[in-house]
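Hi there,

Here is the structure I promised to pass along.

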Amino acid sequence: MPDETPSGEAPTLETVAAVAGVSRATVSRVINNSPKVSPQVREAVEAAIASTGYVPNRAARALVTRRTDSVALVIQEPESHLFGDPYLTGIVRSVSEELSDTGIQLVLMMVRTTEQQTRLERYLHGGHVDGALLVSLHGDATLPARLREQGLPAVVGGRPLGADRDVTYVDADNVGGATLATRYLHEQGRRRIATIAGPQDMCAGIDRLAGYLAAVEGEPLVAHGDFMRDSGVAAMRELLAKEPELDAVFASSDLMAGAAVSVLRESGRRVPDDVAVVGFDDVEAALWSDPPLTTVHQPVVEQGRLMARMLLDEVASGRPAESVVLPTRLVVRASA
């Protein structure tokens with residue numbers, strides 16, 4: 001049980017100092033991880049903190065350390081995408097798990113409109129967080145570079161368009177994964193292979209289309225979506241209207257691949273007998289699809305955790321890490 005003060009009030013720095021037999025300044029140095037404290041004194045102060053139940057004042061500590069012990073996770077999508085996209089929920093979960101034992105608070109922020117973007121930048125520049133993780137950036141993303149110019153560490157999930165060497169990101173090998181998928185379909189004897197490409201204002205969408213184009217034999221057959229299911233439905237119907245004899249589809253996300261399977265069934269095609277389907281992401285839903293999806297695995301959990309570690313390392317050291325591209329691999333199931 002924590003010691004009670006005579007007045008019944010919450011314990012203070014002075015309370016801890018009296019119990020530990022040291023000065024108030026020494027207690028403050030221990031709380032702020034100053035190296036100017038001997039191991040014996042540190043142990044005595046930490047024991048006093050535990051016995052009194054003292055909780056350091058975060059705001060006061062921030063004045064000393066210039067740290068907020070908070071990082072922002074910024075997702076440039078509407079909330080409906082976050083809760084409907086297993087990739088985004090996987091990133092949020094893995095970042096949260098990586099931070100869970102660090103004492104760092106995660107601040108989740110969704111931005112899509114220009115007004116939201118302006119408010120976001122004002123918040124980030126206002127010293128409310130120690131760094132930012134940026135995910136699902138669209139267009140020529142200058143935000144990471146602007147944050148760095150302001151001295152705020154930032155790590156991006158996925159290579160942003162227009163990224164320069166000063167931007168740190170963790171990406172998956174999207175070109176290589178899409179090439180693997182398209183070549184596999186050729187190896188299975190498929191000759192009229194279409195693709196449902198992702199958004200062309202994001203590097204993931206651009207790179208997965210590039211991988212398909214590098215590997216497809218014959219005339220490309222392309223429709224575009226936004227990685228979400230509804231766009232996959234529309235794109236698959238468009239492809240069938242263009243080329244009723246197509247015999248394979250590479251979709252740039254598992255959500256669009258699952259939608260393609262549904263449309264193909266509605267049109268009387270059997271999967272994979274008549275049309276083979278390959279997705280990208282290897283989210284859990286790919287396992288429970290009917291038939292289970294052949295897909296390109298990207299290491300979402302590793303990506304989120306690595307982003308968090310890289311950001312915390314930069315906050316601590318002041319030195320940005322080198323960008324990382326994680327490998328992808330093909331997972332063969334029953335849809336192709």
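The accessible surface of the protein chain is about 16200 Å², and carbon and sulfur atoms account for 51% of it (areas come from the Shrake-Rupley method with a 1.4 Å probe, and for residues only the protein chains shown count as cover). Please keep in mind that this is a predicted model: local features need pLDDT of at least 70, side-chain atom pairs count only at pLDDT 80 or more, and totals for chains, interfaces and linings use all residues. Residues are numbered from 1 along each chain as its sequence is written, and side-chain values use heavy atoms, with hydrogens and water left out.

On burial, 52% of the 336 residues count as buried (buried is under 20% relative accessible area, exposed over 50%, partly exposed in between, with a 1.4 Å probe and protein chains only).

Now the overall build. The protein chain has 14 helices and 12 strands (DSSP runs numbered from the N terminus: helices are H or I with at least four residues, strands E with at least two). Its radius of gyration is 26 Å, well over the 20 Å from the globule rule for 336 residues, so the chain is more spread out than a compact globule (the radius is taken over C-alpha atoms, and the rule is 2.2 Å times the number of residues to the power 0.38). Along the principal axes, the C-alpha atoms fill a box of roughly 85 × 40 × 35 Å.

Next, the charged pairs. The structure holds 14 salt bridges (a side-chain nitrogen of Lys or Arg within 4 Å of a carboxyl oxygen of Asp or Glu). One of them joins Glu98 and Arg309, with the closest N and O atoms 3.5 Å apart. This pair links distant parts of the chain, as Glu98 sits in helix H6 (residues 86–99) and Arg309 in helix H14 (residues 300–317), 211 residues apart. Glu98 is buried at 18% relative accessible area, while Arg309 is partly exposed at 37%.

Two other bridges lie within single helices. In helix H11 (residues 229–242), Lys242 and Glu238 are four residues apart, about one turn, and their closest N and O atoms are 3.1 Å apart. Lys242 is partly exposed at 47%, and Glu238 is partly exposed at 35%. Elsewhere, salt bridges that share partners join Glu97, Glu98, Arg305 and Arg309 into one network. In helix H7 (residues 114–125), about one helical turn separates Glu115 from Arg119, and their side chains meet at 3.1 Å, N to O.

Best wishes
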